[in-house]
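Biologist: I would like to learn how to read strand pairing and helix packing. Can we work through an example?

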Amino acid sequence: MDNLIRNILTARVYDVAERTSLDFMPRLSKNLNTNIWIKREDTQPVFSFKIRGAYNCIYQLNTEARRKGVICVSAGNHAQGVALSGQALGIDTTIVMPITAPALKVQACQARGANVVLYGDNFDDASEYALRLANESGKTFIHPFNDWSVIAGQGTIGKEMIEQQPDLDAIFVPVGGGGLIAGVASYIKFIAPHCKVIGVEPVESASMKEALLKNERIKLKQVGTFADGTAVKQIGENPFEIAKTLVDDIICVTTDEICAAMKDIFEDTRAITEPSGALGVAGIKKYLAENPECKFKNIGNVLSGANINFDRLQYVAERTELGEGKEALLAVTIQEEPGSFLNFVNVIGQRHITEFNYRYSTDRQAIVYVGIHLQHGKTEKEEVIKALESHKLAVTDLSDNELAKLHIRHMVGGKKPRTIKHERLLRIIFPQQPNALFKFLTTLNIQLNITLFHYRNHGSDYGRALVGINVPPESEAFFQEFLSQLGYDYIEETDNPAYELFL
């Protein structure tokens with residue numbers, strides 16, 4: 001630990017990195033009744049903190065290693081940090097990216113003089129290839145989070161924060177592979193042991209949380225890709241060893257909570273952060289809500305990056321209201337009789353309806369998919385549901401239902417024909433590559449009928465499809481074999497109440 005602190009103090013990062021500001025967030029501070037400070041790593045030359053660790057690591061290389069060059073694997077921020085570091089030091093850099101890497105990030109690395117190699121459908125494939133290239137070429141592999149020089153470089157963020165605001169009671173840090181929180185926690189606990197260091201992970205990729213709970217590094221079977229900067233299946237070995245003794249807590253946040261935090265940051269700073277960059281703010285809001293007795297007066301967090309594809313902002317805006325508790329999504333069953341719709345509207349009162357989908361179902365009843373704007377969050381939502389039920393209207397709360405939010409709200413309009421007796425519904429993650437659908441169809445062959453197909457592009461490396469397949473009992477074995485051969489991540493939604501109500 002003494003060596004790590006010494007390395008943080010002497011880290012060579014400011015040749016290329018900026019000493020970023022620690023900005024006060026007035027609006028959020030007022031709402032939470034606590035002083036909130038945000039470390040603006042989005043203002044670095046590559047719009048991410050990753051430049052610190054990458055440059056410090058590459059700078060330490062001896063003459064022979066510099067001559068041979070460096071190689072890394074990344075689909076984003078670490079790649080750009082390595083590319084800029086190589087450019088600044090005159091070192092040849094090779095960046096291996098999955099073929100699904102966004103063109104914007106490929107071009108950014110190439111603009112820094114890096115040799116970009118596209119290989120594999122996912123990060124794991126690209127990583128294996130990069131390590132093989134490193135062994136064959138003699139190039140030094142620059143790990144994104146497990147190298148001690150990288151950790152030391154990231155630790156300079158903690159040093160700056162405590163110098164800029166010595167009275168911090170807690171710092172909330174995004175967690176992916178763990179290099180950032182390992183560096184920050186090491187310095188903070190050495191200088192200001194009273195200051196809490198709390199990691200924040202997406203619910204869909206909580207590798208640090210699982211590792212700390214089980215006291216061993218667990219490799220997750222799959223991770224969500226919305227917060228792609230922290231979508232890591234297994235926490236780094238060295239960061240895990242540090243976290244076991246120096247990280248005070250880990251809190252996990254949902255996609256909706258991340259989107260709401262992105263809006264909070266925008267409203268206070270006008271910065272448009274990437275999803276992973278908003279984890280700190282999302283974690284603060286959730287932690288204070290779950291711990292009302294908390295006495296923190298000054299809380300810091302790290303805005304880790306702002307490399308977001310512009311086309312993702314529509315999806316973020318769509319989910320923000322739900323993340324803030326300002327919208328409820330409900331399925332309401334209304335009797336098909338005169339005055340029933342007026343009765344429904346009267347119960348809703350003067351509240352703003354954000355979404356309304358209706359389709360005639362039977363002669364006896366209709367089912368409405370409705371979004372309602374809320375002024376008072378969960379309490380008001382419960383009041384609305386009770387009021388509707390008191391008027392003998394059946395209500396299903398869909399506000400936390402992923403199927404309803406991702407697909408159903410865009411598909412309300414009809415149910416399956418009566419001739420389809422054995423429909424199975426799957427939510428499938430399709431890699432964004434030209435042959436993804438072809439692979440799906442050829443694997444399925446002609447033995448099973450597709451009865452529904454809905455696809456939405458959310459501006460990420462993966463596309464989400466909702467697929468209905470008719471599977472009679474005699475075809476069950478073939479269906480399971482098909483899923484196995486396909487190899488795509490999926491969730492079966494056949495028993496989801498939103499499917500039963502609307503599709």
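Biologist: In which sense do strand 3 and strand 6 pair, and over how many bridges?

Modeller: Start with the general idea. Strands of a sheet pair through backbone hydrogen bonds, either parallel or antiparallel. Now the case here, in a predicted model. Strand 3 (residues 70-73) pairs with strand 6 in the parallel sense, over two bridges. Valine 70 is opposite threonine 140 of strand 6.

Biologist: What is the order of the strands in the sheet?

Modeller: The order is 5-4-3-6, in an open sheet of four strands with parallel pairing. Strand 5 (115-118) and strand 6 (140-141) are the edge strands, each pairing on one side only.

Biologist: Which strands does helix 6 touch?

Modeller: Helix 6 (residues 103-111) packs on the sheet and touches strand 4 (93-97) and strand 5. The direction of helix 6 makes about 150 degrees with that of strand 5.

Biologist: Now two helices. At what angle do helix 1 and helix 8 pack?

Modeller: Helix 1 (residues 2-9) and helix 8 (residues 148-164) pack at about 65 degrees, and their axes are 8 Å apart. Angles of 65 to 115 degrees count as roughly perpendicular, so helix 1 is roughly perpendicular to helix 8. Their crossing is right-handed.

Biologist: Which residues make the contact?

Modeller: Helix 1 contributes Leu4, Asn7, Ile8 and Leu9. Helix 8 contributes Trp148, Ile151, Ala152, Gly155, Thr156 and Lys159.

Definitions and conventions. Residues are numbered from 1 along each chain as its sequence is written. This is a predicted model: local features need pLDDT of at least 70, side-chain atom pairs count only at pLDDT 80 or more; totals for chains, interfaces and linings use all residues. Side-chain values use heavy atoms; hydrogens and water are left out. Axes are lines fitted to C-alpha atoms, for helices over the stretch in contact, and angles run from 0 to 180 degrees between N-to-C directions. Angles under 35 degrees count as roughly parallel, over 145 as roughly antiparallel, 65 to 115 as roughly perpendicular and the rest as oblique. A crossing is left-handed if the near helix is turned anticlockwise from the far one by less than a right angle, and right-handed if clockwise. Contact means heavy atoms within 4.5 Å. Two strands pair if DSSP finds at least two bridges between them.
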